[in-house]
Structure formats: structure tokens, C-alpha cells
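The sequence and model come first.

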Amino acid sequence: MHPSTWLKTDNTGLYCEPGGFYIDPMTEVDTALVTHGHADHARAGHHTVYASVETLAIMQTRYGEDMAEKQHTVSLGEKLTFNDVTVTFYPAGHILGSTQILLEYGGYKVVVSGDYKRRHDPTCPPFQIVPCDVLITEATFGLPVFEHPPIENEIEKLLHSLRVFPTRCHLVGAYALGKCQRLIIALREAGYHKPIYLHGAQLKLCDLYQQFDIDLGELIPVSQVDDKKELAGEIVIAPPSALADRWSRSLPNVRTVMASGWMQIRARAKQRNAELPLIISDHCDWPELLRTIEEVNPKEVWVTHGREDALMYQAEKMGFKARALSLVGYDEEEQGGD
Amino acid sequence: MEAFSNLLEQLYFTAGTKAKAQLIADYIENTPDPDRGWAIAAMAGTLRFDFFKRNTVKKLITEHTDPALFAMSYDYVGEVSETVAHLWPFNSPVSPLPSLHSIVDTFATVSKQKVSATLAEYLTMMTPSQRWALLKLGTRGLRIGVSARSIKQILADYGKKDIKEIETLWHAVNPPYTELLQWLEGKADKPDIENAVTFHPVMLSHPIEDNDIDTFDANLWQIENKYDGIRVQLAVNTELAGKDKESEKLATNSTDEQEREKALFSRTGDDISHSFPDLLDEMSGNMVLDGELLVIHNTEKATASASDMASRSSASEPIVDTFNALQQRLNKKKPTKPLMQSNPVGLIVYDALVLEGEKLTSLTLEARRKKLASWFEQKKPPRLFLSNTLRASSPESLRALHNTVCDNRSVEGLMIKRLDSTYVPGRPKGQWYKWKRDPLVVDAVIMYAQRGHGKRSSFYSDFTFGAWEGEQLLPIGKAYSGFTDEELKKLDNWVRRNAVGRFGPVREVKKELVFEVAFDAVHPSNRHKSGVALRFPRIHRIRWDKPANEADTLDALKLLIER
């Protein structure tokens, strides 16, 4: 049976009818399979949640231990069955605990990729190519203008700025889950071993990463620094929303840095009032999206949130059948792992 | 080129005039001539030619990339140069890059056929941000948030001079400003501009406030119509002709630019002479006049004899056409004869900075006006009309005058100027006031939305709205402005939730939301299905409360058409 007859989208998200479950639903449902912990994919209040051990831990950290009545840990590669539907989780390389989900039913294989990337990321196993009939892919950076530079380049920009402006506090806006930790690790890999200072919103998730044996070096909450003048010439990481907030006023001579894949587009960087935009993304850029489609080599590509028009156009040009799968709720502006 | 590209990159992301000025000053100090002069010209908008046309860029990129993908990318990025900078498919870096001067020089001399290939070569040797800088430079669209005035201020500070000195010199010196920069650095004399026909910075007005009206005293103020045309400066010096030309040429190696005898400038100093040869051809003398450019239908050169004097003076009331008529003359590089005949331009003169070679700027308005009036009486200059003065004896009668004047659709309000005001460039306080007509408003229904450009490139911020004709909505205009950032976010959100269709980048939305649209005038138009076009529409208020079926009808709007 063709997947279009048993995979449906509604106001809640992507629903697998014969399996009786949603994937990354936006509102509370009975059974939810969650690909990763970003807030626009993982919501609280479902009855039963299936996810990787890290994703469950992230959800508990954010929403509390009782974020769902029943919480099932799924191991990578383990086969689960929901009625006649077989479900397997594979790594997606997006953030800690991120997965893609393979659905097998009626002679068809469908991969829901969730959010994913193809670059090196020490916090999670790399994206795995899973052969299938239908690949459901995101298209966050689905335009040929997006070619993310190597993260080392961007880190060097930040280190260079620290040398040129040694008395300015470098306030880096980075999403609390995934981006923040990746940034810290990249700084450490580039030889930056001074303490890194954190806004309160980043603390719990950094602790969680460290519980999963990911070494982030010395981290100090900004709130524990009595004389904020000491932060001159240091790196402070805060959620993007805090950059222009009153909170940042106590910091000395701030230079506003913003780490996100969107920073490639000038106007976007400017909207964020970033003085130093760093192009750091946890999604595929355009060449990686195309490479993934080629390597997975499905019969059909369904494109979800992002710039689906261009990716569909290109997939068809490459000889794949393509359609848009409009899913609600993946907020274009504030989505988690950009 | 690297330094210039770095400068642009930094300017783009740096907020605050002061910080930007520091960056520019640093660049000027550390960059050799003539590169820095070209950069100044690029930033101040005084480069005289496009290196290449926007269309050349578009053609080039579509030859080398998939046009559909380009279109989608452009729609998202919101700007051609940046889209091209990212999508350009070839890269073989060259270090160092050619200098800014050599790039300017190359494009100034390359033959038309080779422009595109030359551009391609440069793009290939550059990084995306250098490409962006080149493309912005070459199409003269830097938009780095630094005004020409700030550049002059930066130059003044750099040379420790008064900005007025720079402003007076500005239009008589040319890029790459080597002379000017040498003078600022104390290495050369001040450039000599004694006889040049050049722009004189104009005097501007403030919007009037209630308080100013309440304290109005008829003995102190001159009142005039505020005409609905464009403010221009007419600079003429035909009396030099032949005299020193030869020696001057040898001395200063002057260009065509410096030899000219007449020019028409916009109020920001753009030279718009080429669009109005019908006006300039008939000018002679030695003068600088401040006035309003309009389409005026009784501009024919008078052939009257002395005996006709009486009838001529009554005929010399200008017959002014609408702004719409003038619009057809603006931005025409070479107007056709029929256009110049059907829409002839003239000038309503309200002030003189120089008259018969005499500088008047330090005289009072009253004295300048007297000289101007007797000059008009004596010369009867073709195509020029002296602006009328109006009378009001008290604040009440001034208000009444404003109301009557505003019924006349060829003026857009009143100008109220102090009789004792000397002519001071800039916007001095308490000297000149403008009192515009209240805008017209219409309640229209939003029909389509498109993402904006520049800073708004991710927001649905360009709206097409319509008025009712029976059961049907017909588009009457587009607006991009008039809302706060907060409202912009709300509107963007509303569009995303209420989109019902899609035409390329354009989203059609549910016909449910009403805008109160303010505009200055409405004109008949065959370009729009509705048959009307609004002048300067902007969103006045968002009527979240108003049902769409209570929005205005097209018939109601047509009643407001001029004449």
C-alpha cells in the first residue's frame, strides 16, 4: 500500500494510521514518536512517548520528570512494532540523541529524517543512510544560496575578534540545546581553554550534555560573577532572545555575536543586530541535502518544513518524484536547531 | 579591493553613526589615493556611471545557474547582489585582488560588449562578500546607512574644517577627490571653484506644530503655496562664456563637467539637467534660483510686444498640472519631443541665492524677495514664474487659509517663512515651516502579501490591498510602510495563518483584514484593473476590528480623483 494512503498530516502533525501514532506531534496525543529534543519537535503532555534515551532526558530536563505518563527508551537499530507497522530509529547527526525514524508497512519503507546534518559533530553519531521508498526530508536550508562554511572558519572569526577587541565582552547568541554545546566544543577544539560564561538558560542542558560524558571544559554561570567588569574580553553564551534584552546591559562593552545557519543571509544577521555573524548550523546545507537524496536514493522525496519549493524542484530535476508535505508548527523563525 | 570590501562588510553590520564614522575615517586614513576617493564617491553616491547594469548581472547569473533556482533564491534572500554573490559557481582566488582604482578604471574604459565578461572574471576571483561589495559598488546601490551628509561630516572632521566648506566645494570637485583630500590633509591649497556652476546646499523647513500656529504674527511671516511638484535649484552662469575658458582649461585641466554653464539640481544635489532640456535651453544670466519644478502649460516663450504688457501679466499666472503629469518627466534620461510638448516644465521660483551675479544668501527673505520680484518685472524670464504670496492676519485666518488652499489639488499645503530669515543651508530651527494637507484615507482590504526586502527580507511586509466593486475586490495599491516593528510581526503572523493561495513569491490571503490606508492623491491609471492609482500610500492603521465588507468602495475612491 502506497504510503500516501497511510501517512497523513493534520493540525497535529504526521500521523501513521495503521500504527496509531504521531511523529513529532505539536499537540498532546496518545502515542508520540519523537525524533529529537528541540521544542518544535518534542512537546510535553503526550500519554506515551517513544524516543532515544538522550531525547527523553532532554524532555525531562525541559518539562520535568512527568512530561509524559509512559516513556519508552528506544535504542538505535532496535525494531519496534505498532500493529502491523515496524519502526526503527537511526542516528540523524543533528544534536545529542537525534534520530531519524524508519517505518515499514504494506511493503513500503518510509524514512522520516527529522532534522539532520552531515557534518562532523562530536555530540552525536553521524547520520546514517537508510535505504527506503520514500524519504521525508526537512528543507530548512533548502536553497542553493546556503553553503555553510567549515565551523573552524567561523570559530576563527570569533577568536580573531577577541584579539582585535580584547576589552569587549563577546556575547554570543546560540540556541540552548545543541548549538550552544557544539559551539563550546568547537572552541575547545580550536584551543580555547579559558572558562566560558553562560546565561542561566544554557546551564541545565550543558549539565545534561556533561552527564552524557561530553566534555565542555570549565563553564561558569554569569550570575556567579560578582563584578561583571571581569567579563571584558571573555565569551558569554546566551539564548538569542537575551542578546537585546535588559539582561545583557550589565555586561561590559558588549560585542554582539550570533551563531546560526541563518547568518549567511545579511539581512537576517542584521535583523538580529549581530555585529559578528557566525554561520554555524546543525542542519544540512544545500549540497548536503542533495547528496543525501542521492545516497538514500528513494523512489520519492517528500519535503517538509523549510524552503521546500526549491528542494522539490531540484529533486525532480535529479529524477526523483517529489511532493511537499505541509506540516504545521515548525516555526520558521525560532526553530530550535538552526 | 580587499580593504573596500572589508569596510563595507563592517559598515553593514555596525550600528550607530558614530561607530560607522570611525570605521570610514580609519579607512580614509589608511588607504592611498585614488582608491579612497573612489570609495568616498561610492558611499556618497557621486559615482557618475554604473559599471554594469543590474540587468547585465541578472543575465550573467541566469546564463550560469538554473533560472528557477535563482528566482527562488532571490525571493528568499530579497536582494540580487547577495543572491548572485552566493550562487556564482566559479572560484579561482587571486591575491591580492586588483585595486579599487583599477576596477573603476577597467569598467570606465571597457567596451560595452566586454562588460559582462569582465564582471564574470572579477566575480570568479572573489569571495562571496567581495562579490557582494563589487556588485553593490558597480550598480551604485551600497545602502550602508551612511548619508552623503555624514560622509561630508567625516571629511570635515578628518581635515578639521567646517562642514559648510565641504558642502560648498562638494559639487565642484569630482571623484576620486584627490585635490580635496590633499587639501584636507594640508598638502595642497583649497580647490578653486569661483566660477563653477555648482549646487548650493538648500534651506529646508520643519513641519509646523500647533504652537507655531498659535503664535503666528502676520508681520513676521511670509506665506506661500506649497506646490505639489519637486524642489529644484536652477544654477546658471552664461556670462562667463568664452571669456576665461581657454586659460581655465589649461590651468585646471577641467573636464566637461566644470565647463558647463547651466544645471538643474534636485534638492539633494543630484544633477537632473539631462531630463529637462526644454527648461534649461531657455535660461541665461548669472543666477541660482530656488523653486518648484512642475508641468506648466503656458510656458511658451512670450512673443508679446510692449503694448501687450498688460495682457501678458495676467497671462503669466502659471497653469499648473498634477504631480502625475510631472512624474512622466522624471527619470527620463532623454525626453522625447512630443513628451516635452505635451508635458512642458516650468519653475515656480520662490527664492534666489544668486541674482545677476550678486550673492543674496546673507540678505533677509524680505530683501531677497524684493530683488527677485523686480528682476521678474524687468526680465520676464521664459518658463519662470514668481511664486504668489498669500495673506493671513491671525492664527485663525491662517487656519482658514490652510483649509481653502487644501481644496486646491495642485498645491499640497502652505509654506510659512520668516521674513527676516537669511538663506541658511540645512534645516535651521524656527525659520521656515511647511504645513501639509492632511492625508486622504481609505479603508481597504488586504489581498496579497509578499516578503519584504532588505531588513524585512523574512517578513511578509509588502501588501496589496483592494476596494470593493460590487461583490468583487479590485487591487488599488501596494504599501510597505506605516507600521511599527511590533505590528509587522503581527501582520507577518497573520499572513502565514491566513494564506489561501500562492503565486510565486506572492501569497494570497483571506479577504478579512482591513487597513486604513493614507495617501496623498489618487490618479486615474490604466495600469491597474481598478482604474486608479494612489500616490504615496502607506498604512495608517490596521483595523483588526473592522469587518472586510465595511471597507470602502472603488466608487468612493474615484470621487477623490484630481480634476
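The text below goes from the two chains to selected elements and then to the contact between the chains.

This is a predicted model, in which local features need pLDDT of at least 70 and side-chain atom pairs count only at pLDDT 80 or more, while totals for chains, interfaces and linings use all residues. Residues are numbered from 1 along each chain as its sequence is written, and chains are lettered from A and ligands numbered from 1 in the order in which they are written.

**The two chains**

Helices (H or I, at least four residues) and strands (E, at least two) are DSSP runs, numbered from the N terminus. A residue is buried if 20 or more other C-beta atoms lie within 10 Å of its own, exposed if 12 or fewer, and partly exposed in between, with C-beta atoms placed from the backbone. Two residues are in contact if their C-beta atoms, placed from the backbone, lie within 7 Å.

| Chain | Helices and strands | Buried share |
|---|---|---|
| A | seven helices, 19 strands | 50% of 338 residues |

Among contacts in chain A with a separation of 6 or more, 60% join residues 24 or more positions apart. The corresponding share in chain B is 72%.

**Strands of chain A**

Two strands pair if DSSP finds at least two bridges between them. In chain A, six strands form an open sheet with mixed pairing, in the order β1-β2-β3-β4-β5-β6. Strands β1 (7-10) and β6 (70-73) of chain A stand at the edges with a single partner strand each, so one side of each has no neighbour in the sheet. From one strand to the next, the twist averages 25° (axes are lines fitted to C-alpha atoms, for helices over the stretch in contact, and angles run from 0 to 180 degrees between N-to-C directions). β1(A) runs antiparallel to strand β2 (residues 13-16) of chain A, and four bridges join them. Opposite Asp10(A) stands Gly13(A) in β2(A).

Strand β15 (residues 235-238) of chain A is covered on both faces: Ile235(A) and Ile237(A) are buried on one side, Val236(A) and Ala238(A) on the other. β15(A) pairs in the parallel sense with strand β12 (residues 169-173) of chain A over four bridges, and Ala238(A) in β15(A) has Gly173(A) opposite. Strand β13 (residues 196-198) of chain A also runs parallel to β15(A), joined by two bridges; here Leu198(A) has Ile237(A) as its bridge partner.

**A helix of chain B**

Helix α10 (residues 148-159) of chain B has 12 residues and spans 17 Å from its first C-alpha to its last, close to the expected 16 Å (1.5 Å times one less than its number of residues). Its buried residues are Ile151(B), Lys152(B), Ile154(B) and Leu155(B). Seen down the axis of α10(B), these buried residues fall within an arc of 160°, so they line one face of the helix; the arc is that of the directions from the helix axis to the C-beta atoms. They pack against α2 (17-30), α3 (35-44), α11 (163-170) and α12 (178-184) of chain B. After α10(B) comes Lys160(B), with a positive phi near 55°.

**Where the chains meet**

The contact takes 19 residues from chain A and 19 residues from chain B. On the side of chain B that touches chain A, the elements giving two or more residues are α1 (2-13), α5 (67-77) and α6 (80-87) of chain B. α5(B) gives the most to that side, with six residues.
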